[in-house]
Amino acid sequence: MESNVIVALDLEDLREIEERVKELSSLTKWFKIGYQMISSIGIKESVRIVKSFECNVFLDMKLYDIPNTVSKAIKNLTKLDIDMITIHVSGGPKMIKEALNSVDNKSKVELLGVTLLTSFSEEEAKKIYNQEDTIDIVKKFVRIGYDAGLRGFVCSPHELKPLKKEFPDCYFVVPGIRPSWSFKYDQERFATPYEAKLNGATYIVVGRPVIKPGNNLKPTDALKSIIEEFSK
């Protein structure tokens with residue numbers, strides 16, 4: 001079985017990481033590597049583990065810095081065997097274009113633009129970005145990224161539907177996924193796998209509901225349930 005469900009490996013213990021990838025790789029071929037994993041076992045080891053099970057790497061680093069620094073980082077990171085990597089759209093058009101130009105023509109890696117974190121509530125987003133609605137903030141970010149050349153974006157399921165309508169040639173990777181049986185944790189703008197599918201998600205990203213599911217569920221049972229719901 002293959003799916004467009006990306007499991008976020010927000011773990012620190014090397015043995016546990018390997019066990020999770022081993023048991024879940026029969027259900028999905030996509031795994032997210034983020035700061036928690038990188039800061040504990042290192043980026044090369046993180047990529048090695050996922051690739052050793054012939055799976056795809058979604059490297060979620062949300063790169064955000066001056067254009068030259070991001071460009072150098074992209075050149076180094078794309079030497080690793082990764083499939084998708086994130087940059088933050090708020091870095092601006094120059095940074096985005098430099099990042100895109102840094103990807104070797106022979107590389108298969110896709111650059112994705114991160115818009116607004118799913119942990120932001122409407123009120124928090126309003127205070128920081130001085131706009132009433134999160135959709136206006138996210139649309140602005142996607143427009144900046146689109147005009148700079150990006151066609152893949154990371155956004156919450158709440159803003160997804162109007163984005164799909166306005167940017168039909170783009171694809172969207174959607175975190176903030178919480179099945180009805182899962183805890184909300186620190187997510188503020190979230191939806192179920194089925195709701196994300198209805199709104200047009202290309203990929204969904206799920207971490208704690210899979211790797212720490214609770215409710216006496218095993219990680220494999222939790223992931224299978226999410227894949228089935230996203231595939232309806």
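Which residue's side chain does the side chain of Thr 86 join in a polar contact? I began with this question, keeping in mind that the model is predicted.

**Entry 1: Thr 86**

I looked up the side chain of Thr 86 and found that a polar contact of 2.7 Å joins it to the side chain of Asp 60. I then followed the side chain of Thr 86 to a backbone atom, and noted that it reaches the nitrogen of Lys 62 at 2.8 Å. For the setting, I recorded that Thr 86 belongs to strand S4, which spans residues 84–88. I assigned Thr 86 to the buried class because its relative accessible area is 0%, and the cut-off for that class is under 20%. Leaving aside residues up to four places away in sequence, I listed what Thr 86 touches: Phe 58, Leu 59, Asp 60, Met 61, Lys 62, Leu 63, Leu 112, Val 114 and Val 154.

**Entry 2: aromatic pairs**

**Entry 3: charges over rings**

I checked two tyrosine rings for charged groups, and found the charged end of Arg 151 over the ring of Tyr 146, at 3.5 Å from its centre. For Tyr 194, I recorded Lys 232 over the face of the ring, 5.8 Å from the ring centre.

Definitions and conventions: Residues are numbered from 1 along each chain as its sequence is written. This is a predicted model: local features need pLDDT of at least 70, side-chain atom pairs count only at pLDDT 80 or more; totals for chains, interfaces and linings use all residues. Side-chain values use heavy atoms; hydrogens and water are left out. Helices (H or I, at least four residues) and strands (E, at least two) are DSSP runs, numbered from the N terminus. Buried means under 20% relative accessible area, exposed over 50%, partly exposed in between (1.4 Å probe, protein chains only). A polar contact is a pair of N or O atoms within 3.5 Å; within protein, one must be able to donate a hydrogen and the other to accept it, and residues adjacent in sequence count only if both atoms are side-chain atoms. Contact means heavy atoms within 4.5 Å. A charge sits over a ring if NZ of Lys or CZ of Arg is within 6 Å of the ring centre and within 35 degrees of the ring normal.
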